[in-house]
Every structure is written in structure tokens, then in C-alpha cells.
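The following report describes selected features of a structure.

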Amino acid sequence: MRPLIEKFYFVLFGLFLFSAIAGFGVYLTLSKDLPQLPENLAAINLSLPTEIYSSDGDRIMILGERRPIAIEDISPNFLNAIISVEDSNFYDHHGLDHIGLARAFYMNFRAKRVVQGGSTITQQLSKNLFFSFERNFVRKIKELLIALQLEATFTKEQILEAYSNQIYFGSGAYGVEEAADIYFGKRAQDLTLLQGALLAGLPNSPNSANPFYNLDRALGRAGFILKRMVQEGYITEDQKEEARLSSLELLTPKQSSNPNLYFVDYIIRKLEKDYGKEFVHFGGLKIYTTLDSRQQSLAKKAAISHLEALEAEMSERESKEPLQVALVSVENKSGAVRAMVGGKNYSHSQFNRALSNNRLPGSSFKPFVYLTAMSELGYSPATVVRDEPVVIDIPGAEPWEPKNFGEEFAGDVILKKALMKSLNVVSAKLMQLVGPKKVIETARRFGIQSPLGENYSLALGTSGVSPLEMAAAYSVIANLGIYNEPYFIEKIEDFHGNQLYEHYYQGIQRFPQKLIYPLLDMMKGVVDAGTARGIRRMGFHHPAAGKTGTTNDFKDAWFNGTTKDNAVSVWVGYDNNESMMDKRGRGLTGGRAAAPIWVFFLQKVLEGKNKVKFPVPAGIKFETVDVTTGRLADERSLETLRVAVKEELDLSPLPVIPEVPEPEGEFSASPDLFSIPENQ
Amino acid sequence: MKSAGVFRQWQGVVLLCLLIGVGALEFYGKFFERGVGHYLKWQNHKRPQLGRIWERDREALVAQAKVKSLRTGLDLQHNSAESLQNFNELFEQLEPAFPLLVSRKKFLELYFDFPGPWSERIVSSYELLQIDSEKNWERVFLKRFGPWITIGFLDLQGIPIREIFLSVDTLFEVQSTRTIKRGRLEEMGFQKERIFSRDQVVSIVETLDPITQKAVFPEPRWFLEKDYHVTRIGVSDQTSRSQNHVVFGIEYNTDYYTGVLLISVPQEVAYNMLSQIERTDGDDLTGEPDALTLPSGETF
């Protein structure tokens, strides 16, 4: 018996010694990596938040905001709840809960991996302040050592206060004050028992128990916490039942209803790229953007309501991907981006389609081709081009046979009419005459920076561009040739209001006014009586110019248009490039899918405002011409159109060809009588 | 033997009691946690500032350093713009990537301080009157883009009230070369025999027609307002960048130093004046000035 007892003592003593030596060894090993503690726990929340403002003064986003509060300003309903569920022995231990730890060891040993933390509130605070969220034993020991130091350095109240101000509650809320505001729109001191219990359940599962997305689970967890509070003696059974039956008063999620997120996301990324992440998130900046909250909200409403209407009409598809949309509104006089919708729903997809240049603009690219022809060949809106079947030889490739949308040909037609009807053949012919290089040069002067393929099919918009580029380019047309680089940030100030950055307008006259106005007038024709005439039928009566765009198989639908003050680009399509077909088998065109969004948006933006005409520069005259001859209309004209041309252009009607007898011999009629008019 | 056994037995009991005591102390008194905690607290200052909280602290420091550097850059830009002394420096210091921003007050100060009509040719004072009429002109923004210089007259929000586009060639106009240097005429390379007294030259300038007067001499007000006392006038042996011009140096004294205003003057006007001085004094100034390089090696 005695040797057995002796052996027992020996083993016990050995274990004690071993633990002591092992503990000391572990400490020596880890002490090099143990972090220093700050002197004051309250100071850990003091980094300055960066605030982002719209041009109309709304604060649209705060980055790195922490709203630390004193423990006296936190409702006991929350404090008791969090202690009950996270660390019921909080006031008794010194950073280590033996029973909790033993239970966690047992569970982890059984599972042969870390499945349970068993951490005290102090340990969780230690982890939040210093360590990664990776689960391993070394980190666990370090976390414990720091927790012991926290307990030795600070009071329980200080630890609980720091913990309540630090932890993450989901939905972007750090700290109980912010969480109370985001979920219930109130201060942390006013939380009810149910609200306090619900919030106390979030640090453990901020996403899966988030009441915005899984209310049942959140309430289930709150019920469990109320039960724990009864067990711990914080509340009575009656109070628990009363709380369960009380109203939660949960708000609607702010994130998903915030229409500014694509815009804000872009400027944050841009600033991070230009100045560094630290500057943006820890600089305590005030960033004043060009965003107009009203326009942004109207843009989102217009886009979403029309998309929903369209989706109701769409045919059944295998893919469940929703129809997507992009909209950019640029102020012409300055280049300020006033609204930007990058997709249907930011919380579902953060990909910003307003900035992405992977979608083909289709016919909305044609104005650049027409302008190149007017600039390089001296063409005018009254120049006649024959719309006919044509085969364009391409060296080293199959000949190209451009087709019109309706597969019909109009014959002789003036350029203005061709643009209004969006005739592909005419555009292809112009491209063949001027060459893709010249068209690309023109597009670059319009501010298009995306890669453009140097091929004839560029005439039909076969290189991807972004809605932002298109809006900025169309604003050049409205500005009569002045290019303002689109911009998003007006100015940046530091926390004390000192200016760090300011944007200055730097308009550059990229095209002569006399060259660009005829194009503007042609595009007014598109809206008044061309492929976008639906805009007028929808009751939009402000002077406007624009161009629709629809790509092959109805994969992209565009409308880019401008009033005197705003250039707006709208794109609609599927992310996976599927065709947009309705239940009747008809494809969605730019006029049907994108133009209505443009109308709904601008109609609201311009509500109550005067109709402002585009100014006519000096040296421009208006003439009514025959659409088949391009000459001044006369009694022989079957169809006429009013065009804006340079004053010096002679559009006198063709002389009446006298009937002459059949020439004899080798003589023929004077070729002059049949030659192309001067302006052609 | 028996007593040894009893002793060993007691020893075991004591050890057990000790272990139980330690266990109880730890369970109820948390002496292990307290001990380690206080030891770590004592060692705190020796440990490195690691972990997320310190990382955030460092990031905040980096951010503040960036804020400071941006502010310093802007202050420097502001100060260098405000320290400009001559209207033409506004344009000379303009690099394509570095636009210049000056206050309305500074712009007007330099504009009206330029010793000659060149500034008036850049933008007329009547145009400035119009720009100023809405009482919202605050700053002037100058930017070079290719062969063009844009002068933007901005309001408080930075919106241009008026923009003027100048060709860079405007900068090379002879009128724009009026510059001020400290020192005496001789130090600027003017030959002694081509230096004349104030009275000799001013009396001739007085007789010139107003356009020629402006071409060879700034408004007297320019000297008087600044308490610059004109002493001598030199005519350089050298032509300026344009072969048809020579350089006049008008020397003046201030309370602290002597300065020279260098003016590029059309050759024929200069010769005409020189001939009049010759007639007055009989000095040998008949020889035509030779071809030239500028004093102090500077080319106009």
C-alpha cells in the first residue's frame, strides 16, 4: 500500500514540477512575441473617423467610426445579458475561467481540433485588441497571458467597457453604441431587455444571427440568452416572459437602402490607390464629393423600378442572375459625376458596371464615326450616302457584310437621317472611308480611354467602353467641344478643416464648335424622330440629344443622351452576356430597356425647371433639305429634314436637268450635271 | 525503522496537504493568474508594440504623416506663389504637371506692379473690372497644357468666372522680358561709355511719343510709388533674344540696395535716343552697337 501512495505522491509532485517548468518554458518562448499593453484602455478607440459628404451636404458615409461610451451609458440589460452568455463568472475570475477552460479542453481533445473557445470576456478583449482570428493553441496561450495582464492592470468595469466598445455586432457595427443605433435607432443606454439580449447574441455569430437577415435565429438566440439571465439571477422568469413578448422595434437595414454605395466604394478605392489605405481610413478626413444625393436617389429609383418592370416581361431562363443596370450622370459644365448606379443591388454584387469597360456600346458609338467623317472628309449632316448591301474587304479576314437592324436598306439618305435611323451600313461605309485609326483618335479626344480595336466593325461599337466614359464623351457634345474630365471629389479637408486637395475645372476645347454643333443637332433628331423617339412619347419635352445602342443578340442595351446641363449614360444587360428576350420572343433594345430609365431619371431631375436649349454657335445655319439629295427642299422633295450646317455650305437645289436629245456618237451628257453636289 | 516509516508517512501527508493547499489557493485565490498577471504588468514596458491595436496606431501615424506632408506641400505651393515678385514669374514657373494658384490680391499686385504694358496685353484691366464685378472673384488658377496656358479666375468654390487661353508664345514677347536685378549697371556688364546720367535720358524720354515712351521706360509712378530713385541709365552693347532689340538698364537706389530694371528696347528707338544724347553731350556714341550677349550671361 505504502509504495503505491509514495508512487502517487511522486507522480503528483512530478506533475506539479513538470507543469511549473513547462509553464515557465512556454512563457520564455512566447514572451518575445507578447505584445505590450497600452496605458489606457479608453484610448484604444481614439482614431479619427473619415467622413464622406455629398455635394448637397449630406454625410453619406463614415469610415472607421467608433463611438466609445462609458460603462455608465450602457444599459444594464445589455451588460447583464453579455455576461450571462459570454462569461458568467466574469466578476469572479482573474482572466481565466477554470471550469470553462476545462470544458473547452475536453471538447477540443475529443474533437482533436479547436472547436470551443471557452474564453472569458477578458480573453476575448485580448484577442480583439492584439491577435488574429486564427484558432491555434499558441495564440490561445498568448491570448490568456495578455488576459491575465489585463486583469492585473485594469478594473472589471474598465475591461467590460472596452469590450462593449470593441466587439463586432455585424452590419458594420463596432461597439454597442453603434449597434444600438444601427439595429434599433437608439442609444445603448436605452436598450430594452429583449434588445439587449438580442445584441448580446451577436458577437458570437454576427452574420448568421444577424436580425436583418435571419430574424428567427436572432430571436431564438435572444431567447436563449434571456434564459441564461434567469439562471444567473439577473432577471426573473416573469421578466423574461415579458421581454419575449415585447416589441423588438428593429429598423430596416441601412446598408441595403443606401443608394450611394457604388459611388462611395469607388472613391474610397481611388483615394486608397492615390494616397494609401491609412490616409483614407485613419486620416480623420472630410471628403466632399460631387454626388448629388437627390439625383442619386432618383437614379436608383428609376433604374430599379424599370428593371423590375422589364424582368416581369422577360422569358424564362435557366440562369437566375438578375437583369443588371448601370447609370452615370455627369454635369456638363464641370464634369462632376452627380449620380452613379453600378448595379441593381450593391449588397448582392459589388461589381461596378458603371466603371467597367467590358460591355459593347453598339450604335451609341456611331456619333464618333460621324464626327470623324465630318472632320476628315468635310461631310455635313446633309451629305448623301447610299444605304445599300455592301461587302467590305478586310485583308487577311473574311469580307464583312454589315447589315441594318431591320435588314432593310434606305437607298440614298443624308447623314442626319442615317444617324436618326441608326443605319449600320452608312456607319460602316463612313468607317471604310476615314479608317478606324482616325475614329479612334476622335474617340480619344472625347475622353474614351478603353482599348479600342482598330477594325472596321468599330463603326458599330464592337469595343467595350464604360458608361462613365460614354456620359463624359456625350457631355463634350453638349458642351460644344469642351471636354471636362469627369471627377468625383470636390475637396478633401483634414480633421481641423485644413484643405488637402481641391479640384479645379480644366475644360479643354477638344473640337471646334462649328464642327460639333451639327452632330449635336443630328443627335437631337435621334431623340425627336429617330430610334429614341419613344423618349418624346414618354412625355420628356426638354431639349435633348442622344443615341441608342443595341448589340448583337440583344446582349447590351444602351441609351446615352444629354440635355443642356446633364449627360446621362444608361446600360442594361445580363452579367453573363445572355440575350435579353421577352416572353414574346422580342429582344430588348436600347430604346426599350435603357431609354425609359434615362427618361424617368431626368424627368424627375428636371421637374419644375425651365426647358433650356442648347446654344447655337456663330457660323451655323439651319436649312430644310431633301433627305435623298441633301439639297434645299423644293416642290420635288418627298421627305425633308431640317439640318444644322456651317454657314458657308451651299445647299442650293440641284438644277433641273433639261431633257436633251440622246447624244450622238461618242458624246455623252456633261458629267457635271450628274456629279455629286459640292458638300458630298 | 518504525520512526523512519512514520516520518515518511508524515512527509507524504504534508506534501499532500501542501498540494491541496496550493490547489485551494489557486481555486479560491487565483494566485497563479494574479502572479503571472502582475509579473507581465511589471515586464510590460520591455515588450514590443505588436498586434492589431498597435498596428492601427501605426496606421494612424502614417495617415497623419501623409496629411501633414500634403499640408506642407500645399503651404509650400501657397507660399511660393505668394512670394512671387514679378508678373512674368507667374508664367515662367508654370510646369505642365504643376498648376499655380494665387490669390486675387497677389495677382492684382503683380499685374499692376509689372513695369510695362505687357501684363495689360495678357488680360486687360477692363476685363479684370468685369471679372470682379460680381464680387466673387477669389483666386487665379494658372495651368499649362501643351502650347496653351489657361488662366482661370475662380470664385470661392473654385468655379471659373472667366477663363483665358494664352499661347505659350505670348511669354516670349519682348515686353515680357522686363526684369529686375540687384546690383549696379557695371555689375550687369554695361560698358562705362554707354552709361548715362538720369537727366540725360529722362529729358529725351519726355520728348518721345507716348507709345515709344512706354516701350523704353516704365511709368514714372512705378519708381515713385516704391521709393526707387533713378540714378543712371545704361545701354547694353548686346542685343536681346531678338536681334532687333538692345537692352536698357535703368539703375535706381533704394534705402537698402541698388537695383537695375532691364528693358528690351527696339534697336531703332535705342539708336535714335543714343544719337540725341550724342548731340547733347558730344560723346562718342555714334558707333552702332555690336552683336551681343547679355550681361551676366542671361539671354533675353
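Axes are lines fitted to C-alpha atoms, for helices over the stretch in contact, and angles run from 0 to 180 degrees between N-to-C directions. Helices (H or I, at least four residues) and strands (E, at least two) are DSSP runs, numbered from the N terminus. The model is predicted: local features need pLDDT of at least 70, side-chain atom pairs count only at pLDDT 80 or more, and totals for chains, interfaces and linings use all residues. Residues are numbered from 1 along each chain as its sequence is written, while chains are lettered from A and ligands numbered from 1 in the order in which they are written.

| Helix pair | Angle | Axis distance |
|---|---|---|
| α15 (366-377) and α17 (424-434) of chain A | about 45° | 9 Å apart |
| α9 (215-231) and α10 (237-245) of chain A | roughly 165° | within 9 Å |

Angles under 35 degrees count as roughly parallel, over 145 as roughly antiparallel, 65 to 115 as roughly perpendicular and the rest as oblique. α15(A) and α17(A) are therefore oblique to each other, whereas α9(A) is roughly antiparallel to α10(A). A crossing is left-handed if the near helix is turned anticlockwise from the far one by less than a right angle, and right-handed if clockwise. α15(A) crosses α17(A) in the left-handed sense; for α9(A) and α10(A) the crossing is right-handed.

Residues are in contact if their C-beta atoms, placed from the backbone, lie within 7 Å. The contact of α15(A) with α17(A) involves, among others, A:Val369, A:Tyr370 and A:Ala373 of α15(A) and A:Leu430, A:Met431 and A:Val434 of α17(A). Its residues comprise 8 nonpolar, 2 polar and 2 charged, where Ala, Val, Leu, Ile, Met, Phe, Trp, Tyr, Cys and Pro count as nonpolar, Asp, Glu, Lys and Arg as charged, and the others, Gly among them, as polar. In the other pair, A:Gly223, A:Leu226, A:Lys227, A:Met229 and A:Val230 of α9(A) meet A:Glu237, A:Lys240, A:Ala243 and A:Arg244 of α10(A). That contact has 4 nonpolar, 1 polar and 4 charged residues.

**Sheets**

Strands pair if DSSP finds at least two bridges between them. In chain A, 5 strands build an open sheet of mixed pairing, ordered β2-β1-β3-β9-β10. β2 (59-63) and β10 (499-502) of chain A each have a single partner strand, so one side of each is left without a neighbour in the sheet. Neighbouring strands of this sheet are turned by 15° against each other on average, direction ignored. Within it, β3 (286-289) and β9 (489-493) of chain A run antiparallel and are joined by 4 bridges; A:Ile287 stands opposite A:Ile492 in β9(A).

Chain B has an open sheet of 4 strands in the order β1-β2-β3-β4, with antiparallel pairing. Its edge strands are β1 (100-103) and β4 (160-167) of chain B, and the twist averages 20° from one strand to the next. β3 (148-154) of chain B is joined to β4(B) by 7 bridges, and B:Ile149 has B:Leu166 as its bridge partner in β4(B). Helix α5 (104-113) of chain B packs on this sheet, touching β1 and β2 (139-145) of chain B, and its direction makes about 90° with that of β1(B).

**Contact between the chains**

Between the chains, 43 residues of chain A are in contact with 39 residues of chain B. Elements giving two or more residues to the chain A side include α1 (2-30), α5 (137-153) and β10 of chain A. This side divides into 24 nonpolar, 13 polar and 6 charged residues.

Notes. Two residues are in contact if their C-beta atoms, placed from the backbone, lie within 7 Å.
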